[in-house]
Amino acid sequence: MIKLAIDLGSSVTKIFKIGSGVVLAEPSCVAVAAGSNTVKAIGEDAKRLIGKTAEFTTIVFPVFEADIVNEGMAAIMLSYFLKKVGISPSQAKRCEVLFGVPCGAQDELLDKYSRLADACRIGAVNFVEVPFLAAFGQNLSLSETNPSFIIDIGGGSTNIAAFSLDGVIAGISLNLGGGNIDSQIIDHVADSFNLKIGLLTSEKLKMTVASLYTNDKESMVINGRDITTGRPRSVAVSSADIYEPVKVFADKVVEYAGLILSKLPAEVSAAIWHSGIYLSGGGAKIIGMDDYLSRALQMDINLSDEPQMAVILGGGRTIGYDDILETIRIDY
Ligand SMILES: Nc1ncnc2c1ncn2[C@@H]1O[C@H](COP(=O)(O)OP(=O)(O)OP(=O)(O)O)[C@@H](O)[C@H]1O
Ligand SMILES: [Mg+2]
C-alpha cells in the first residue's frame with residue numbers, strides 16, 4: 001500500500017508521500033481552451049498564464065473557497081499531479097489517501113471527494129478536518145484532555161477551531177482567505193492610483209509589501225493599465241498604501257476567532273489561554289499577522305515555522321499512524 005496525504009487547497013495542492021515527504025506543491029488551477037474544454041496547462045504552468053492569455057483561454061480553479069466546484073477539472077488536475085509524483089492510475093489503486101477537509105465538512109463535500117478519488121482510481125480514502133492536521137503539522141501533542149486552538153488562513157478559506165483528540169469543541173470554516181485580500185488590493189489600487197492591475201501583481205504585492213505594522217516602509221514598483229487613458233503605467237506601492245484592505249481582512253479573522261473563543265467552556269478557555277493560538281496557512285505569512293492577531297485577541301500566537309505546509313505535514317504524520325488516524329478520521 002502506498003500512503004499519501006493530499007491537501008487539495010483552494011490555491012495550492014500539496015501531496016505528501018510516506019517515505020518521501022512533501023512531493024508536490026502546485027497551484028490548484030487548470031488552463032482550458034474556452035468552448036472546447038481542451039486542457040492547455042495544469043498547476044504552475046497554468047498559473048503563469050493568469051491574466052496573460054487571449055480570451056479563448058480560461059483559467060479554472062476547480063476548488064473554490066475550499067469546495068470542489070468543478071469535479072471534472074478537479075479529477076483532471078489531481079490525476080495529473082499524481083502522475084507527476086510517480087503514481088500512475090494502476091498504482092493509484094494501491095494507494096491509501098488521507099484528504100484534509102474543512103472544519104465541519106458536510107457529506108455533500110465528502111461525496112464530491114469520494115467521486116474525485118474514484119475518478120483518480122484511488123484505492124482507499126480517509127478524511128480528517130484541517131485543524132487536526134494543522135496541529136500535528138506543528139508538532140502539537142494532542143490528547144483527549146488537552147485542547148488546542150488553531151487558525152489556518154488559506155487561499156480561499158480560514159479554519160478556526162478549538163479541539164482535542166476527543167473532537168472539535170467549537171470550530172468554523174470561513175469562505176475567506178488570501179484570495180480575498182488579492183481582490184481587495186486590486187480594487188484599492190484602482191481607487192487610489194487609477195490603475196488596473198492583474199491578480200498575479202496583486203498577489204505579489206500582498207506577499208512582499210503588505211504589512212500589518214503601520215510603520216512598515218516596504219514598497220514595490222508595479223505595472224498596470226491606466227483606467228482613464230488605457231495606457232500602460234507603473235507606480236510605486238507601499239505597505240501603507242495597501243494597509244487598509246489587509247487590516248479589513250485581519251479584523252474579520254479577529255471577529256470570528258473571538259466568536260469561537262467566546263463559545264468555549266471555562267476549563268477549555270483556561271487551557272487555551274495557557275497554550276496560546278497556533279497560526280498556520282499561507283495567509284499567516286502576511287507580515288505582522290501574528291502580532292496583529294495577538295494584540296487584537298489578547299492571546300499569545302504561535303506562528304508555524306512553515307505556515308503553508310503545516311496541514312500537509314500534519315497529513316503526512318497522520319497517515320503513518322493507524323491509531324491516530326482511527327481516532328480523528330471522519331466517520332463517513
Ligand atoms: N509570503 C506570503 N505572504 C502573504 N500571503 C502568502 C504568502 N505566501 C503565500 N501566501 C498566500 O497564501 C494563500 C495560500 O495558502 P495555502 O496554501 O495555505 O492555501 P490553500 O490550502 O490552497 O487554500 P484553502 O486552505 O483556503 O483551501 C494564497 O492566498 C497565497 O497568496
Ligand atoms: Mg489549506
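The model is predicted. Within helix 2, the buried residues are Met73, Ala74, Ala75, Met77, Leu78, Phe81 and Leu82. An α-helix has 3.6 residues a turn, so residues three or four places apart point the same way. Helix 2 is followed by Gly86, which has a positive phi near 90°.

The protein is divided into domain 1 (2-132 + 312-328), domain 2 (144-176 + 250-304) and domain 3 (178-245), and the C-alpha centres of domain 1 and domain 3 are 31 Å apart.

The largest pocket holds about 1,100 Å³ of space. It is lined by 47 residues, of which Ser10, Ser11, Gly154, Gly155 and Gly156 are the closest to its centre. Among the elements that give two or more residues to this lining are strand 1 (2-8), helix 6 (178-193) and helix 7 (199-208). The lining comprises 20 nonpolar, 17 polar and 10 charged residues.

A search of the whole structure finds 11 salt bridges, including those tabulated here.

| Salt bridge | N to O distance |
|---|---|
| Asp322 and Lys3 | 3.2 Å |
| Asp7 and Lys14 | 3.8 Å |
| Lys206 and Asp182 | 3.0 Å |

Lys206 and Asp182 are both buried, and because Lys206 lies in helix 7 and Asp182 in helix 6, this pair ties together parts that are 24 residues apart in sequence. Salt bridges with shared partners also join Lys3, Glu96 and Asp322 into one network. Asp7 and Lys14 are buried as well.

Notes. Residues are numbered from 1 along each chain as its sequence is written. Chains are lettered from A and ligands numbered from 1 in the order in which they are written. This is a predicted model: local features need pLDDT of at least 70, side-chain atom pairs count only at pLDDT 80 or more; totals for chains, interfaces and linings use all residues. Side-chain values use heavy atoms; hydrogens and water are left out. Domain bounds come from an automatic or database domain assignment. On a 1 Å grid over the protein atoms alone, a cavity is a set of points where a 1.4 Å probe fits but cannot get out, and a pocket is an open set with protein on both sides within 12 Å along at least five of seven lines; lining residues have an atom within 4 Å of a point. Grid points are joined across faces, edges and corners, and a volume is the space filled by probe spheres set on the points. Helices (H or I, at least four residues) and strands (E, at least two) are DSSP runs, numbered from the N terminus. Ala, Val, Leu, Ile, Met, Phe, Trp, Tyr, Cys and Pro count as nonpolar, Asp, Glu, Lys and Arg as charged, and the others, Gly among them, as polar. Buried means under 20% relative accessible area, exposed over 50%, partly exposed in between (1.4 Å probe, protein chains only). A salt bridge is a side-chain nitrogen of Lys or Arg within 4 Å of a carboxyl oxygen of Asp or Glu.
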